[in-house]
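Trainee: I would like to go through the labels attached to this structure and ask what each one rests on.
Mentor: Go ahead, one label at a time.

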Amino acid sequence: MIITRGILQHDQSDCGAAALASVFNMHRLLIPVTQLRETMRVDKSGASIYAIIKTAETYGIRGEGLVGDLEELAASIGSKTISLPAILHVEIKPQVGHFLVLINLTSQFAKVFDPAFGIKKLKITELNKLWTGNLIHFNSSDFKKSSRSVSKATIRKMKANNFMLSLFRHEKKSLVWITILSVATLIMSFLGSYLYKVIVDAIIQSTSKGNLVASIFILLAVLYAVQMTFSIIQGSAISRLSFRMSRSGTMAFYNKLSSLPNDFFNRFDSGNLISRFQSVPDLLDKVVIMVLDLCLLLSSIIGSSIVLMLISPVLYGLTILIMLLYGCLVLSFIKPMSEKNKAIQVNQAKTITLLRESVDGISTIKLSSSQSWFKSKLATVIDRLCLDISKLIQLSVTSESIVGFIESVGMMGIFCLGSIFVTKKTITLGELIVFNSLMIYFFSPAKKLMMMQKDVQDAKVLYDRIKDVMYATTELERVSRFVSPSAGIRNNYLALNGVSFSYNLDQVILNQIDITIEQYAKVGIIGKSGSGKTTVIKLLATLLFPDKGVMSYRGQLINKENLITYRQKMTYVDQESFAFEGNLYDNIVMGMTNIDEDWLGTLCQVFDIFDMSNQGLALYILENGKNLSGGQKQKLGLVRALLTKPEILILDEATSKIDKASEEKIIDFIMTIEKMTVISVFHNLDLVDKYETILNVAQNGIYEPLKHN
């Protein structure tokens with residue numbers, strides 16, 4: 001039996017992965033969107049029909065892409081040639097594609113799942129306007145074969161990567177201690193309410209002496225003082241717990257992010273990753289408070305329910321009725337508020353990205369007369385963000401106002417009915433006062449428990465976005481699949497054997513290439529733009545990993561066991577050298593110890609580092625090296641790389657922004673360094689004679705070396 005529950009996308013580029021995840025989920029095959037997007041190699045432009053079909057095949061599900069019209073589609077569904085659910089490709093705006101999951105089709109309506117919004121019912125005329133005629137349908141019998149094994153494997157991986165569970169396991173003693181303090185504080189509140197009953201029934205309505213009043217007053221004061229102390233200790237414990245978990249969670253996110261392969265960062269813009277990073281402490285705070293509140297709220301509800309029931313079953317029944325009305329109201333507001341919260345998260349990420357782009361490219365924007373266009377683009381996103389925030393506030397205020405009305409009227413009704421019971425001597429005045437004072441320990445936790453549904457939804461939105469990073473495959477996990485073949489690994493210094501690579505599933509960049517680099521060789525790599533030079537150099541630098549084939553170093557396969565060792569022998573410099581805010585010395589050294597100061601001085605002389613400023617290495621560098629030219633940043637990157645005296649130096653157009661005279665001087669110096677292998681991509685053909693070997697990269701492969709000296 002097919003279920004109709006779909007999986008919502010996290011970002012606009014996720015729609016293909018979310019559509020496939022929805023089809024899988026409808027067949028009870030649990031595969032997270034995060035995992036599918038990684039397999040699909042979704043970048044910022046989204047996924048293609050071909051990528052969706054190929055991804056489904058990796059899970060044992062055969063898919064087929066078809067083209068037709070609605071009449072043909074209806075006939076094929078009727079004859080069971082096409083089985084539902086199927087994926088439709090639609091165009092929501094000119095040149096803006098999107099995927100929908102078709103669940104049911106009649107002569108008048110189509111029931112679809114939109115990964116951006118959820119279940120929709122479209123008129124046939126609406127669908128006809130949107131649909132491009134492209135469809136993917138799947139062999140339903142395949143799901144029965146693969147669902148159990150794939151789902152179990154996925155669940156095991158999710159458990160292994162669940163950083164939230166590991167954080168809570170580590171802090172379980174603190175959580176138990178805080179819960180005990182909370183329950184103790186609650187018990188004292190109940191005792192305080194009971195003493196009020198004693199004062200009313202045993203003292204005010206009797207001829208008891210005043211010294212008893214004084215004794216009860218002192219007892220209450222001591223009780224509240226102890227309660228206050230417990231609350232302070234509890235608050236201090238919660239703040240320390242929040243600090244530890246926020247720090248651990250934030251560092252876990254950063255460590256995971258820094259362990260991911262380079263191609264992961266092609267799938268997300270910087271604003272998206274920053275917003276996810278900022279969400280980690282927010283999520284942990286929400287979850288910690290929810291977990292602690294859940295224990296306390298349940299204890300409060302159970303305890304107050306027992307006491308209220310013993311005082312008056314009728315009044316307690318009326319209290320339950322009010323809470324049911326309240327619950328129905330709260331639940332009706334949860335879904336729209338959750339949707340608005342998700343939209344706010346997405347638009348916040350887009351705003352951060354656009355703001356960063358406008359700051360980084362402010363000179364270009366100003367001088368190209370496109371400031372008004374960029375401002376309009378940013379204003380559109382900000383308008384959406386502010387509108388979503390406004391609507392969320394409106395929903396929140398409306399729900400709270402209605403809830404307040406129900407609660408006020410309900411409590412007044414209970415008090416009036418209770419007053420009648422007092423006159424009929426069904427309950428005492430003290431019991432009525434206790435009942436009203438304890439209602440807050442029932443109403444307030446019950447309300448909070450229902451409102452927790454909204455917090456759970458908000459936390460789920462944050463967690464879904466964070467697990468895009470936390471569930472991603474790391475570099476070490478990626479290379480662990482490389483197993484040395486019985487033949488193919490040559491006893492060379494550095495080699496790529498039968499390597500194929502593509503950034504997405506639609507286009508092959510390198511197809512079964514073979515490269516051999518001898519020790520201490522000076523190798524130049526040239527080729528047309530887009531031919532794959534940078535891809536080759538990033539494979540050699542282990543910033544990318546082959547789809548097929550292997551890479552070896554000193555006759556050993558580069559895999560999980562020796563990746564770190566290889567990187568310690570090698571340095572990589574690209575054309576956009578990294579510079580951070582701080583002095584020039586720190587930018588070069590970057591925390592290295594045992595610096596050879598003489599070698600550093602030699603490098604600074606050769607690369608004209610001392611000519612950058614009369615401040616020497618004390619020169620203060622602004623964020624992203626904004627006070628340095630492109631050539632100066634490249635020189636900084638080269639000095640930083642050579643300072644480590646690497647065994648292998650890999651350069652990706654690392655001198656492209658340096659003037660020709662300085663460039664030749666730098667390359668000449670690099671060539672004189674003994675016992676160092678140099679592999680360099682460059683466009684300046686005047687440098688060809690500097691290298692012993694030149695490799696010419698053609699489309700999808702490498703030509704034979706052009707020259708040997």
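Trainee: What makes Thr 655 count as buried or exposed?
Mentor: Thr 655 has a relative accessible area of 5%. Buried means under 20%, so Thr 655 is buried. Keep in mind that the model is predicted. Thr 655 lies in the loop between β15 (648-652) and α21 (660-672). Its C-alpha atom is separated by 9.8 Å from that of Ser 680, which is 25 residues away along the chain.

Trainee: And what about Asp 14, is it buried or exposed?
Mentor: The relative accessible area of Asp 14 is 1%. That is under 20%, so Asp 14 is buried. Asp 14 is placed in the segment before α1 (15-26). From Asp 14 to Ser 45 there are 31 residues in sequence and 9.3 Å in space, C-alpha to C-alpha.

Trainee: Why is helix α2 described as largely enclosed?
Mentor: Helix α2 covers residues 33-40, and six of its eight residues are buried, so the rest of the structure largely encloses it. The buried ones are Val 33, Thr 34, Leu 36, Arg 37, Glu 38 and Met 40. Just after α2, Arg 41 has a positive phi of about 55°.

Trainee: How do you know that Asp 468 and Arg 37 form a salt bridge?
Mentor: The closest N and O atoms of Asp 468 and Arg 37 are 3.0 Å apart. The cut-off is within 4 Å, for a side-chain nitrogen of Lys or Arg and a carboxyl oxygen of Asp or Glu, so the pair of Asp 468 and Arg 37 is a salt bridge. Asp 468 lies in helix α14 (residues 429-470) and Arg 37 in helix α2, so parts that are 431 residues apart in sequence are tied together. Both Asp 468 and Arg 37 are buried.

Trainee: Which residues does Asp 596 pair with, and where do the partners lie?
Mentor: Asp 596 forms a salt bridge with Lys 645, with 3.1 Å between the closest N and O atoms. The two are 49 residues apart: Asp 596 is in the loop between α18 (584-589) and α19 (597-606), and Lys 645 in the loop between α20 and β15.

Trainee: What makes the accessibility labels of Asp 596 and Lys 645 what they are?
Mentor: Exposed means over 50%, buried under 20%, and partly exposed in between. Asp 596, at 32% relative accessibility, counts as partly exposed. Lys 645, at 52%, counts as exposed.

Trainee: What makes Asp 686 and Lys 660 a salt bridge?
Mentor: Their side chains meet at 3.6 Å, N to O, and the limit is within 4 Å. Asp 686 lies in the loop between β16 (677-681) and β17 (693-698) and Lys 660 in helix α21, so this pair ties together parts that are 26 residues apart in sequence. Asp 686 is partly exposed at 49% relative accessibility. Lys 660 has a relative accessible area of 54% and is exposed.

Trainee: Which residues are joined into one network?
Mentor: Asp 14, Arg 37, Arg 276 and Asp 468 are joined, through salt bridges that share partners. In the whole structure, a search finds 19 salt bridges.

Trainee: What qualifies Leu 294 for the nonpolar patch?
Mentor: A patch residue needs over 30% relative accessible area. Leu 294 has 37% and counts as partly exposed. Leu 294 lies in helix α10 (residues 270-311). The patch consists of Leu 294, Leu 298, Ile 302, Ile 306 and Leu 310, with about 500 Å² of accessible area together.

Trainee: Why are β8 and β11 said to stand at the edges of their sheet?
Mentor: The sheet is open, with four strands in the order β8-β7-β10-β11 and antiparallel pairing. β8 (510-517) and β11 (556-557) each have a single partner strand, so one side of each has no neighbour in the sheet.

Trainee: How do you know that β10 and β11 pair?
Mentor: Two bridges join β10 (residues 548-553) to β11, and pairing needs at least two. The two strands run antiparallel, and Ser 552 stands opposite Leu 557 in β11.

Notes
Residues are numbered from 1 along each chain as its sequence is written. This is a predicted model: local features need pLDDT of at least 70, side-chain atom pairs count only at pLDDT 80 or more; totals for chains, interfaces and linings use all residues. Side-chain values use heavy atoms; hydrogens and water are left out. Buried means under 20% relative accessible area, exposed over 50%, partly exposed in between (1.4 Å probe, protein chains only). Patches are made of residues with over 30% relative accessible area and no salt bridge: like charges are joined within 9 Å, nonpolar side chains (Val, Leu, Ile, Met, Phe, Trp, Tyr) within 5 Å. Accessible areas come from the Shrake-Rupley method with a 1.4 Å probe; for residues, only the protein chains shown count as cover.
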